Amino acid sequence: MKDIMKDCALLADRDVDPTRREFLLQALAAAGTAGLASFVFSVNDAFAADGSVPADKSEAGYTLTAAYAASPPAVDEIAFTMEVENMLALTYGGDLMQYRPQPSGTEGIYASAMNAPGNEGVTGRWVDKWEGSEDFKTWTFHIRPGIKSWAGNEMTADDIVWTWQRGFEMKAIRSFFASAMFLASPEDIEIVDKYTLRFHLSKPSPVVLKLMAMSYFGGPFDSKLAKEHATASDPWAKDWLKSNDAGFGPYHITKNIPGQEMMLVRNENYLPKPPISRILIRIVPDPATRTALLERGAVDYAMRLPERSLQALAKNEGVTIVRSKANFIPYIGPVQTNEIMAKTKVRQAMAYATPFEEIHEKVYFGQGSLIKSITPAIFPNYTDQYWPYKHDADSAKALLAEAGYPNGFDLKLSFDNSIAEMAETAVLVKAAYDAVGIRTTLDPLPAAVYSERKLRRQLMCQVDNFQWPWIADTGYTGWVYLGPPDTTVNNSVYFNNPEFNQLVTKMMEMPLGDDRTKMDLRVQEIAATEVPWIFLVEPGWREAFKKGWTNFHWYPDNNVHFEWLYKA
Amino acid sequence: MHNRFLLFATKRLLFTIPQLFAVSVIVFFLIRLLPGDPSYMLAGPYASPDRIVEVRGQLGLDQPLVTQYFNYLARIFAGDFGTSWRTSQPVLADIQLRLPATLELVVLAVLLSIGIGIPLGVAVAVSEGGVLKRIVFLYGMLAGSLPDFWIGLLMILIFFYFLGWAPPPVGQLDFAVSTPDHVTGAYALDALLTGNWETLRSALAQLVLPVATLVLVYMPLVLKTARSTMEEMLESHFILQARASGLSRRMQLRYALRNALPPIITVIGIEFWFLLGGAVLVETIFAWGGLGQYAVESVINSDYAPLQAVVLVTAFFTTLVFLVVDLLYHLLDPRIRV
Amino acid sequence: MFLRFLDSDLWRFARLRPGMQFGFVVVIINLLLAVLGPAIAPYPVEAPAGASLLPPSRSHWFGTDVSGIDILSRMIAAPRIDLTIALVSTTIAFVAGVGLGVISGYFAQGEKPGRIVSAGIMRIADIVQAFPMFVFALALVGLSGPSTTNVIIALAFLNIPFFLRITRGTVLQVRSRTFVEAAICAGNSELRAAFAHVMPNALAPALVHFSTTIGFSILLTAGLSFVGAGVPPPTPELGLMIQVGAQNMITGHWWTALFPGLMLAVSVLAFSLFGDHLRVFLDPTNRR
């Protein structure tokens with residue numbers, strides 16, 4: 001045990017030379033996670049060496065101008081769009097833990113250590129020490145003293161508890177994750193002292209640290225500040241927190257005119273000091289206009305540009321396209337409440353009929369890679385060995401005949417028509433499906449209508465882009481998107497395979513170890529052979545910036561974390 | 001004559017009220033009856049079924065339609081147009097912010113259309129022929145057929161992208177230009193009124209392309225009407241009479257113009273109406289942040305409250321404009337009988 | 001037949017007006033394309049025929065769009081969609097508008113019940129016209145999902161008031177003519193007199209307006225498609241093509257939005273020109 005502790009401390013020590021660190025990592029992996037019954041990590045600096053900000057740049061005080069597609073409907077977990085996530089990440093900075101940054105292979109771009117086995121890729125964000133019990137049910141966190149919000153209040157255990165109480169009250173995203181980690185109520189969070197808290201989970205949770213590494217459900221809140229804006233009828237300050245932030249994160253909103261503009265300034269108490277001191281955001285709804293702005297150097301950053309714009313922008317010397325492997329899972333989802341879609345052979349036929357390469361080439365211009373498993377390639381235990389599907393019209397027709405549809409059938413393919421790449425994919429899929437006898441009609445829907453029908457499982461088949469699993473774990477991914485349909489809201493395709501359900505449920509409530517890893521592989525196998533989702537292309541994280549900015553950090557929320565950027 | 005006019009005016013004004021009521025009914029029921037329940041999108045993908053029910057209750061969507069309508073009406077009279085889930089702000093506040101922006105654009109476009117269109121139309125009607133007449137005629141016919149969103153895109157492409165003459169189309173003000181102190185809400189006007197020259201410069205620069213787009217596409221209507229009405233007048237009997245009587249050309253023109261005014265005013269009213277409803281796409285392309293853009297985004301996001309409010313507000317303005325036009329017409333043309 | 005046409009007033013009128021000829025020719029081309037369209041397109045209309053974003057070349061005269069579909073083929077197939085929508089919606093609006101206009105105009109100055117109906121129709125028309133056209137169409141179509149049917153319904157609804165007013169105006173004039181009195185004396189019921197005798201004489205202005213409305217409907221459909229509340233992709237529709245092409249235009253692929261835009265402008269122009277000249281032709285007092 002002591003050896004492992006020492007090794008871990010050495011791992012964290014930035015002066016260990018890389019080869020030694022590699023060796024240690026491999027040794028640990030070889031020792032198997034089974035050996036790590038209980039573990040204590042001690043890290044000197046919660047912000048890892050890779051990708052840190054040089055001291056002189058911190059003092060620079062840059063202004064960054066950005067063109068966004070829309071405003072966040074709220075700066076709180078009551079709404080859920082990419083823009084909301086982005087704002088929450090900037091103002092609250094994330095929860096107790098974080099994924100460790102690591103080099104991505106491209107200079108100036110850093111990725112997150114998602115592929116590390118077990119919990120090795122996770123380190124403290126606001127905490128500098130943490131302990132987990134052997135049975136994975138009791139977790140103790142030590143908050144680093146001296147963390148201050150923009151209002152000057154220090155983070156204490158009280159803030160964390162208030163945040164969780166509010167989360168349960170809101171019944172939104174934070175409470176969902178409470179259930180995922182088996183935190184039954186905020187009373188189960190014990191305040192040990194001013195900076196220490198202990199979570200008592202009702203079942204073992206192998207992914208609790210990774211859950212705490214998220215940064216999009218708002219909080220931890222500066223509860224002192226939030227309470228100043230609470231009223232008798234609104235004790236959780238829901239009203240004020242809709243448009244304002246009470247965060248410890250790197251930035252703070254000073255201007256928020258929905259639909260027009262936002263302005264954020266640096267939280268002067270945040271460390272390490274972000275080089276960008278001011279962020280000016282304009283809402284520019286038309287993607288063509290956003291592209292033009294970047295092309296002409298009128299903004300530093302344009303959000304949400306489709307791949308074809310990025311291809312053209314890449315030729316511009318004044319623009320940098322930032323890319324990193326990510327965790328997107330665009331897919332075609334036959335909804336199994338429909339009797340044709342419920343037949344496995346039909347879904348397999350559709351998989352063979354799907355023009356993967358053509359989509360990769362025409363929609364994504366060859367960027368990214370084809371997805372071959374429910375588990376993103378950057379997650380631990382990823383394997384592509386179970387995915388046999390390639391575009392093969394003959395196999396598709398044969399399977400259709402076997403399934404009882406030798407003359408094909410009629411398919412309605414729905415998608416969110418505000419996402420350009422989904423529309424383009426759908427067009428190509430339609431042409432390919434038509435060619436094998438699956439007579440396809442496209443059903444583009446406005447975003448809200450699409451969300452509603454998808455969640456109510458009223459569609460026949462959907463082309464979707466909206467999944468990217470945060471928690472680097474197969475069990476979690478399977479459980480949240482394809483778990484038992486009657487209790488899993490996000491299982492919009494109504495996949496209901498008993499063995500799969502049993503496996504992912506079990507995986508969520510057992511300690512890490514060899515058994516779990518075996519189940520991991522079996523889950524991927526079922527997801528491939530039963531093909532509830534026909535996986536498409538993982539396009540990677542891509543953002544377009546004016547040339548000169550560097551030190552981009554990819555984080556599984558796929559947002560740009562401005563606090564790291566500086567000009568080279 | 002004054003009495004008759006007052007009678008007419010009162011009758012028209014009185015009718016406006018039930019008209020607006022009817023508009024509110026149509027707006028409400030039509031939009032409510034359409035599919036799309038924003039509760040799902042609002043609650044987010046991790047919401048439990050309970051939460052979705054809760055959200056729907058908050059939006060008031062779980063009550064019978066008629067009850068919802070009366071609640072809606074009651075709230076409107078109290079000044080509450082609901083809350084936009086997209087901005088988390090009361091719709092009234094959102095509209096107050098955006099209406100001046102749209103009005104700024106529309107009023108300027110109408111003023112320029114009149115300022116250029118009428119003199120040009122009259123000049124062409126009066127002139128004896130030649131190249132100018134042909135060019136203007138061609139332009140008139142062509143421009144009215146062009147989609148305004150296409151022209152807007154071309155404008156951005158040519159003047160911003162290729163030539164770099166125009167500022168970036170990011171809305172009413174460029175980056176890092178502070179908004180002026182609030183007087184009317186229309187940035188250019190406010191900047192002028194408060195003596196904020198830097199903001200005024202930026203606001204005016206930003207106005208150039210979108211106004212140019214609108215004028216280019218919508219002026220032909222005024223132009224054509226001015227020209228054809230003027231031509232008709234010049235050939236009418238009473239002008240012939242005037243000419244025969246030896247009235248100077250200038251006086252002839254004055255009389256002709258005076259009589260050509262009513263249809264021209266009607267067209268101006270129609271132009272206003274067109275623009276109020278039609279500047280929507282131009283606003284979106286130029287990220288103007290006006291009412292039209294707000295409406296488009298509301299539709300795309302199934303955000304009912306703003307949509308109802310915008311349609312109501314626009315209908316209100318349109319009714320107002322038509323009222324003014326009718327009254328002016330009546331004043332100017334004594335032949336009109338109610 | 002053709003020789004008789006050459007001798008007719010219409011031809012003599014049109015000969016001097018190149019605008020009208022141009023308009024007529026383009027309208028006919030549009031109608032032909034609407035009928036033949038997809039059959040004569042060189043490449044598939046909804047499936048890729050080459051690499052994405054190819055510039056205009058000998059094999060692809062107008063280039064390809066972002067999915068690799070040949071633009072010229074889509075432009076050839078577009079009139080079928082645009083004209084169908086425009087024709088169907090305008091016809092519906094015409095029938096309903098003229099019908100209501102006749103009733104409203106005919107009974108405007110008669111006995112009380114008729115007058116109330118007549119006034120009621122006008123007030124309803126006023127109300128409908130108070131709506132911002134585009135936003136309303138957007139709401140109707142956008143909220144129920146893009147589809148050709150929805151666009152037709154929205155456009156028909158919004159165009160009824162125009163036909164109504166024009167017809168009513170003419171009917172008011174025709175109504176007071178003696179032959180109408182004669183018809184009633186001869187024993188025709190009021191309704192029959194209205195529709196069989198008055199209406200045929202009041203149709204001309206509405207018919208003229210038909211043509212301009214078609215042009216306007218095409219523009220409106222394009223605008224709706226541009227924001228994604230028109231027809232569903234990959235239907236070949238000019239507004240949709242412009243929307244998809246707009247982003248490519250900014251990054252240098254100018255042909256994707258330029259050609260559909262030109263075609264749109266030319267078609268709408270043609271319908272307007274034709275309608276305008278037709279109006280002049282049919283109204284003798286206007287002729288110069």
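1. Basis. This is a predicted model in which local features need pLDDT of at least 70 and side-chain atom pairs count only at pLDDT 80 or more, while totals for chains, interfaces and linings use all residues. Residues are numbered from 1 along each chain as its sequence is written, chains are lettered from A and ligands numbered from 1 in the order in which they are written, and side-chain values use heavy atoms, with hydrogens and water left out.

2. Make-up of chain C. Chain C has 11 helices and zero strands, and its pattern along the sequence reads α-α-α-α-α-α-α-α-α-α-α. Helices (H or I, at least four residues) and strands (E, at least two) are DSSP runs, numbered from the N terminus. The C-alpha trace of chain C spans about 75 × 50 × 30 Å along its principal axes.

3. Burial and contacts in chain C. Chain C has 288 residues, and 57% of them count as buried. Buried means under 20% relative accessible area, exposed over 50%, and partly exposed in between (1.4 Å probe, protein chains only). Of the contacts in chain C with a separation of 6 or more, 70% come from residues 24 or more positions apart; contact means heavy atoms within 4.5 Å.

4. Surface and charge of chain C. Chain C carries 18 positive and 13 negative charges, whose mean positions are 7 Å apart. Here Lys and Arg are positive and Asp and Glu negative, with His and the chain ends not counted; each charge is placed at NZ of Lys, CZ of Arg, CG of Asp or CD of Glu.

5. One buried residue. Thr221(C) belongs to helix α9 (residues 190-226) of chain C. Thr221(C) has a relative accessible area of 0% and is buried. Apart from neighbours within four places in sequence, Thr221(C) is in contact with Asp82(C), Ile85(C), Val151(C), Leu155(C) and Glu237(C).

6. Chains B and A. In this pairing, 45 residues of chain B are in contact with 51 residues of chain A. The area buried between chain B and chain A is about 4,000 Å², and carbon and sulfur atoms give 60% of it. Buried area is the accessible area (1.4 Å probe) that two parts lose on being put together, summed over both. Between chain B and chain A there are zero salt bridges, a salt bridge being a side-chain nitrogen of Lys or Arg within 4 Å of a carboxyl oxygen of Asp or Glu.

7. Over all chains the count is 27 salt bridges. In one of these, Glu509(A) and Lys203(A) meet at 3.1 Å, N to O. Glu509(A) lies in the loop between α18 (498-508) and α19 (514-529) of chain A and Lys203(A) in the loop between β10 (196-200) and α7 (208-211), so the pair ties together parts that are 306 residues apart in sequence. Lys203(A) is partly exposed at 34% relative accessibility.

8. A salt bridge between helices. Lys345(A) and Glu402(A) form a salt bridge with their closest N and O atoms 3.6 Å apart. Lys345(A) is in helix α12 (residues 344-353) and Glu402(A) in helix α14 (residues 393-403) of chain A, so this pair ties together parts 57 residues apart in sequence. Lys345(A) is partly exposed at 36% relative accessibility, and Glu402(A) is exposed at 55%.
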